[in-house]
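Subject: Structure for your files

Hello,

Here is the structure I said I would pass on. My notes on what was found in it come after it.

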Amino acid sequence: MRAVTPSSGSGPVTIAEVVAAYADYLGRRIDVQRMTMPVGVFGMWLRSAERDLLVVSTGVATFEQTLAHELGHLVLGHDEGCSADPDSGRAAKREEEAESFATLLVRRVKAGHTLTRVDSVVDELLG
Ligand SMILES: [Zn+2]
């Protein structure tokens, strides 16, 4: 149901390409942006009627990991918002889920796996 099939022959090789493939699948615009953000805020996901915006702080060295983390919130159906220090148990659990998703996704993409389905990462995560 949530298959992501890149238009080109080979699979995405960067997280940004995974994001683009997922946007294609959703038929929705997903933009990626680097911005200066307050200390302690790594990234952010903002949803509006016409698009989703994934923001990665310029202060973060691990761009791919943080972008994958923000994508994780989107894919896992979390609430939009900042990824900062969680202040509640529910937030902490979601941060953990998004981080696990990111770690799996980055590992797969770096290993050169043809990633045609984002939900296969979700399955592995929840399985
Ligand atoms: Zn987060």
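**Helix 1**

Helix 1 has five buried residues to look at: I15, V18, V19, A21 and Y22. Viewed along the axis of helix 1, those buried residues fall within an arc of 165 degrees, so they line one face of the helix. The arc is that of the directions from the helix axis to the C-beta atoms. A residue is called buried if 20 or more other C-beta atoms lie within 10 Å of its own, exposed if 12 or fewer, and partly exposed in between, with C-beta atoms placed from the backbone. Helices (H or I, at least four residues) and strands (E, at least two) are DSSP runs, numbered from the N terminus.

Please keep in mind that this is a predicted model: local features need pLDDT of at least 70, side-chain atom pairs count only at pLDDT 80 or more, and totals for chains, interfaces and linings use all residues. Residues are numbered from 1 along each chain as its sequence is written.

The length of helix 1 agrees with expectation, because its twelve residues should span 16 Å at 1.5 Å a residue and its end C-alpha atoms are 16 Å apart. The expected span is 1.5 Å times one less than the number of residues in the helix. After helix 1 comes G27, with a positive phi near 70 degrees.

A23 also belongs to helix 1. A23 is partly exposed, because 18 other C-beta atoms lie within 10 Å. Leaving out residues up to four places away in sequence, A23 touches R28, R29 and I30; two residues are in contact if their C-beta atoms, placed from the backbone, lie within 7 Å.

**The chain as a whole**

The chain contains four helices and four strands, and along the sequence they follow the pattern α-β-β-β-α-β-α-α. Of its 127 residues, 29% are buried. Among contacts with a separation of 6 or more, 53% are between residues 24 or more positions apart.

**Helix 2**

How many of the 13 residues of helix 2 are buried? Ten are, so helix 2 is largely enclosed by the rest of the structure. The buried residues are T66, L67, A68, H69, E70, L71, G72, H73, L74 and V75. From first C-alpha to last, helix 2 reaches 18 Å, close to the 18 Å expected for its 13 residues at 1.5 Å a residue. G77 follows helix 2 and has a positive phi, near 75 degrees.

Helix 1 and helix 2 pack at an angle of about 25 degrees, and their axes are 9 Å apart. Helix 1 is therefore roughly parallel to helix 2. Angles under 35 degrees count as roughly parallel, over 145 as roughly antiparallel, 65 to 115 as roughly perpendicular and the rest as oblique. Axes here are lines fitted to C-alpha atoms, for helices over the stretch in contact, and angles run from 0 to 180 degrees between N-to-C directions. On the helix 1 side, the contact is made by I15, A16 and V19; on the helix 2 side, by E64, L67, A68 and L71.

**The nonpolar core**

In soluble globular proteins, nonpolar side chains tend to be buried together. A nonpolar core is taken as a set of buried Ala, Val, Leu, Ile, Met, Phe, Trp, Tyr and Cys residues joined through C-beta atoms within 7 Å. The largest such core here has 24 residues, and I15, V18, V19 and L105 have the most contacts inside it. At least two residues of this core come from each of helix 1 (15-26), strand 2 (43-47), strand 3 (51-57), helix 2 (63-75), helix 3 (89-110) and helix 4 (118-126). Helix 3 gives the largest share, six residues.

L105 is located in helix 3. L105 counts as buried because it has 27 C-beta neighbours inside 10 Å. Residues up to four places away in sequence aside, L105 touches I15, V18, A68 and V121. L105 and Q65 are 40 residues apart in sequence and 8.6 Å apart in space, C-alpha to C-alpha.

**Two further residues**

K110 is also in helix 3. Is K110 buried or exposed? K110 is exposed, because 12 other C-beta atoms lie within 10 Å. K110 and V13 are 97 residues apart in sequence, and their C-alpha atoms are 7.3 Å apart.

S120 lies in helix 4 and is partly exposed, with 17 other C-beta atoms within 10 Å. S120 and L105 are 15 residues apart in sequence and 9.7 Å apart in space, C-alpha to C-alpha.

Regards
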